[in-house]
Amino acid sequence: MKYITDIIYGSISIIKGFIVTIKVFFKKPITVQYPDEKAPISLRFRGRLIQLTNKETGEGICDGCGICAKFCPAQCISLKAYKDEASGKRKTEYYNIDFGRCMFCGICVEQCPKKCLIHSQDYEFAVYTRDELTYTKDKMLVR
């Protein structure tokens with residue numbers, strides 16, 4: 001008797017498996033052909049950091065306050081500020097981010113008082129050497 005019940009339960013299991021397979025077979029595929037097609041990205045995605053610019057002058061909005069560098073847990077942001085004698089405003093001499101160390105946590109973006117540092121939707125920035133992962137101010141500015 002046990003032999004017959006095992007055959008019945010086994011047959012039921014096989015039929016349930018076929019039903020699941022048939023349901024999935026007739027669904028629309030969700031595969032994306034990656035290099036040619038790209039899947040939609042969430043608006044909250046944290047990609048490469050970029051700096052916004054003033055549309056009129058084309059210069060970066062960042063005044064070099066250094067709050068982003070102070071709050072960065074990975075210490076991947078380095079910058080140096082100076083005071084411009086002509087305009088009397090503080091500007092950045094250099095602004096570097098090492099994306100090899102960056103955790104894309106977003107703390108620097110949240111802490112920026114001028115809201116000039118934002119995450120982009122860019123996720124394809126693979127490089128061959130670690131030196132290429134250090135982005136300078138010129139590479140980060142969005143014009």
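# Salt bridges and strands in a predicted chain

Colleague: How many salt bridges does the structure hold?

Modeller: Bear in mind that this is a predicted model: local features need pLDDT of at least 70, side-chain atom pairs count only at pLDDT 80 or more, and totals for chains, interfaces and linings use all residues. Residues are numbered from 1 along each chain as its sequence is written, and side-chain values use heavy atoms, with hydrogens and water left out. A salt bridge is a side-chain nitrogen of Lys or Arg within 4 Å of a carboxyl oxygen of Asp or Glu. On that basis, the structure holds 5.

Colleague: How many residues apart are Asp 6 and Lys 2 in helix α1, and what is that in helical turns?

Modeller: Their side chains meet in a salt bridge at 3.5 Å, N to O. Helices (H or I, at least four residues) and strands (E, at least two) are DSSP runs, numbered from the N terminus, and α1 covers residues 2-25.

Colleague: Is Arg 48 buried or exposed?

Modeller: Arg 48 sits in the loop between α1 and β1, and pairs with Asp 122 in the loop between β4 and β5, 74 residues away. The closest N and O atoms of this salt bridge are 3.1 Å apart. Buried means under 20% relative accessible area, exposed over 50%, and partly exposed in between (1.4 Å probe, protein chains only). Asp 122 is partly exposed at 25%, whereas Arg 48, at 14%, counts as buried.

Colleague: Which residue meets Arg 90 in a salt bridge?

Modeller: Arg 90 belongs to strand β3, and its partner lies 27 residues away in the loop between β1 and α2. Arg 90 itself is partly exposed, at 42%. The N to O distance is 3.4 Å, and the partner is Asp 63.

Colleague: Asp 98 is buried yet has no salt bridge, so which side chain of opposite charge is nearest?

Modeller: Lys and Arg count as positive and Asp and Glu as negative, with His and the chain ends not counted. A polar atom of the Asp 98 side chain does lie 3.1 Å from the backbone nitrogen of Gly 100. The nearest opposite charge is 4.9 Å away, and belongs to Arg 130.

Colleague: What is the bridge partner of Asp 98 in β5?

Modeller: Asp 98 is found in β3, residues 90-98. Two strands pair if DSSP finds at least two bridges between them, and β3 and β5 (residues 134-135) pair antiparallel over 2. Leaving aside neighbours within four places in sequence, Asp 98 is in contact (heavy atoms within 4.5 Å) with Cys 76, Leu 133 and Thr 134. Its bridge partner in β5 is Thr 134.

Colleague: Which residue takes a positive phi in the hairpin of β2 and β3?

Modeller: β2 (residues 77-83) and β3 pair antiparallel over 7 bridges, with Ile 77 opposite Ile 97. There are 6 residues between these strands, and the one with phi near 75° is Gly 88.

Colleague: What radius of gyration does the protein chain have?

Modeller: The chain holds 4 helices and 6 strands. The radius is taken over C-alpha atoms, and the globule rule is 2.2 Å times the number of residues to the power 0.38. For 143 residues the rule gives 15 Å, and the chain is well over that, so it is more spread out than a compact globule. Its C-alpha trace spans about 95 × 30 × 30 Å along the principal axes, and its radius of gyration is 26 Å.

Conventions. A polar contact is a pair of N or O atoms within 3.5 Å; within protein, one must be able to donate a hydrogen and the other to accept it, and residues adjacent in sequence count only if both atoms are side-chain atoms.
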